[in-house]
Amino acid sequence: MTEKIYDIIVVGAGHAGIEAALASARMGCSTLMLTLNLDHIGQMSCNPAIGGIGKGHLVKEIDALGGEMAKAIDETGIQFRMLNTKKGPAVRASRAQADKALYRQRMKRVLENTENLTLRQASVERLIVDGSVVSALETQIGEVFRGRKVILTTGTFLRGLIHVGDKNYSAGRAGDFAAQGLSASLIELGFKIGRLKTGTCPRLDARTIDFERLQVQHGDDPPAPFSFATEKIAQKQVPCHITYTNHKTHEAIRASLHRSPIYSGIIHSRGPRYCPSIEDKIVRFADKERHQIFLEPEGLDTVEIYPNGLSTSLPLDAQIAMVHSIEGLERAEIMRPGYAIEYDYAEPTQLYPSLETKAIKNLYHAGQINGTTGYEEAAAQGLMAGLNAALSLRGEEPLIFKRDEAYIGVLIDDLVTKGTDGEPYRMFTSRAEYRLLLREDNADLRLTEIGHKIGAVGEKAYARLERKRDGVAALLRLLEQTAVSPDEASGKIEALCTAPIRSGTTLAQLLKRPEIGFAELRQFAPSLKDTPLDIALQAEVEIKYAGYIDRQLEAVKRAKNFESMRLPEDLDYAAVTGLSREAREKLARIRPRSLGQASRIAGITPAAISLLSVYLHKRKQASAS
């Protein structure tokens with residue numbers, strides 16, 4: 001019997017692995033997904049939520065490119081909220097609580113029913129490499145799987161070590177084995193491997209919480225979906241609740257700090273700066289009298305509550321004392337203790353922007369193995385690794401987004417150019433210099449056509465994009481051409497507390513006023529009431545922020561000069577006169593694709609970029625002659 005060779009093998013079935021496997025299978029590649037536990041596909045190891053500031057943008061982009069995460073949360077979300085609604089459109093972000101069990105079950109069902117995709121439970125221990133090309137994987141029991149491409153999406157499982165106080169044990173997350181051998185295999189192949197930390201909160205029994213004393217937080221009504229394909233959220237929605245730590249909480253934590261592995265010296269690796277443990281908050285923000293805690297249900301059919309904001313690795317008795325000091329939680333019972341987990345990652349500057357590794361051909365890394373934190377960051381990388389592996393099998397160029405095209409482009413460029421700086425990387429809107437161009441609302445307009453061209457997006461989604469694009473263009477023409485006279489507008493203008501108009505104006509000019517949104521504009525043109533919400537929002541943003549958008553587009557044009565100046569892969573940086581030793585070492589290690597990417601490497605000065613530019617110019621002249 002001939003041994004089967006898969007086109008693509010995906011190791012891991014977390015958020016990165018799911019998107020990678022689905023993308024490659026949907027692109028027509030025979031795909032094998034290997035996971036330690038088939039029952040834990042799509043497991044939310046930490047908070048039961050999708051989206052947030054910067055993260056919601058990634059989910060929308062994943063959806064625009066044919067990914068699954070947005071559709072999954074739309075079908076299983078139990079509370080949806082739009083964040084930053086009082087701020088500009090660039091930083092508005094979607095977030096939703098998930099029914100944790102339903103999300104996991106749905107993802108497994110989708111994978112099991114996807115053509116070209118095979119699922120197997122196995123622990124991968126070793127990469128088999130021919131020369132510098134990966135060709136197969138060997139499992140813990142000696143089983144060998146052969147594939148043309150391999151995508152590692154190992155999450156926190158590489159030599160994962162869980163800490164609760166001074167106790168620790170090997171695990172990829174609570175309840176799952178760690179992968180012990182794969183790190184050694186990567187090191188043997190020459191990869192630089194580091195160590196990071198993350199953590200999670202204790203889970204509480206809702207039946208022991210006094211919700212009557214807590215502030216209720218309801219979701220949006222109606223809830224706004226994540227996916228451009230979802231028309232409405234149909235399932236039941238539930239509230240969350242808010243409470244706060246207090247001086248008793250802080251004293252209880254301080255009294256046990258010497259027993260925390262973070263402060264006792266047991267843990268040396270760094271955790272996510274922007275999602276610190278409660279111990280870190282008490283130490284770093286000692287002047288704060290309280291910290292907000294969101295009590296988030298883990299599902300409709302469970303009593304488990306996730307106290308967002310109480311991530312901890314304190315001993316269990318200290319966790320109990322901490323929880324009982326908080327209003328409404330005085331009698332709360334801990335169902336699962338919080339913990340910290342240390343795990344291995346591979347420095348992401350060892351990757352090309354396609355997410356293929358530089359050292360080993362046909363090997364891709366995606367997700368927390370690249371030093372990121374968060375479901376959304378992982379899913380975005382998984383999607384791109386799956387698409388690029390499939391494109392490579394076709395003999396086509398990889399799909400690489402620029403920083404002005406997508407948050408996915410910002411994420412991957414930051415990773416492969418700057419690395420992680422020794423701490424988990426998290427996406428924020430502030431990381432994107434062109435964030436007004438990269439809004440949630442226009443992710444489909446930016447990316448769906450690209451996804452359709454490579455075969456990742458189907459005809460139905462593309463037709464939906466065309467309808468939206470045509471609808472926005474038609475609405476903009478209508479608003480710019482529809483005149484409003486002072487007589488027609490007088491009473492309505494006064495009611496809106498905006499300055500009167502002295503001469504004829506257009507609906508578009510009225511919409512530029514801060515006091516007038518599309519909803520108010522309907523008073524001047526009743527025919528607008530039937531305009532679809534997504535089209536109305538798009539037109540409103542384009543009109544209100546036209547000047548700012550034009551300025552960002554000009555900045556993009558200026559930056560393209562640097563981005564278009566390609567740096568040869570074989571460039572000998574030692575031959576560039578005037579470069580410092582640090583610059584030579586960093587440029588040789590990262591091998592930037594362009595002068596623009598080189599300029600974003602930490603420690604590369606404008607002077608170094610100028611020297612490179614001169615060198616490229618001379619090299620071009622020499623080759624021309």
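Aspartate 317 is partly exposed, with a relative accessible area of 45%, where buried means under 20%, exposed over 50% and partly exposed in between, taken with a 1.4 Å probe on protein chains only. This is a predicted model, in which local features need pLDDT of at least 70 and side-chain atom pairs count only at pLDDT 80 or more, while totals for chains, interfaces and linings use all residues. Residues are numbered from 1 along each chain as its sequence is written, and side-chain values use heavy atoms, with hydrogens and water left out.

Side chains of opposite charge can pair when their charged atoms come close. The side chain of aspartate 317 meets that of arginine 259 in a salt bridge at 2.9 Å, N to O, the term standing for a side-chain nitrogen of Lys or Arg within 4 Å of a carboxyl oxygen of Asp or Glu. Because arginine 259 lies in the loop between helix H6 (247–255) and helix H7 (261–264), and aspartate 317 in helix H9 (residues 316–324), the pair ties together parts that are 58 residues apart in sequence. Helices here are DSSP runs of H or I with at least four residues, and strands are runs of E with at least two, numbered from the N terminus. Arginine 259, at 31% relative accessibility, also counts as partly exposed.

A search of the whole structure finds 40 salt bridges. In one of them, lysine 55 pairs with glutamate 377, the closest N and O atoms being 2.9 Å apart; this pair links helix H2 (residues 55–64) with helix H10 (residues 375–394), 322 residues apart, and both lysine 55 and glutamate 377 are buried.
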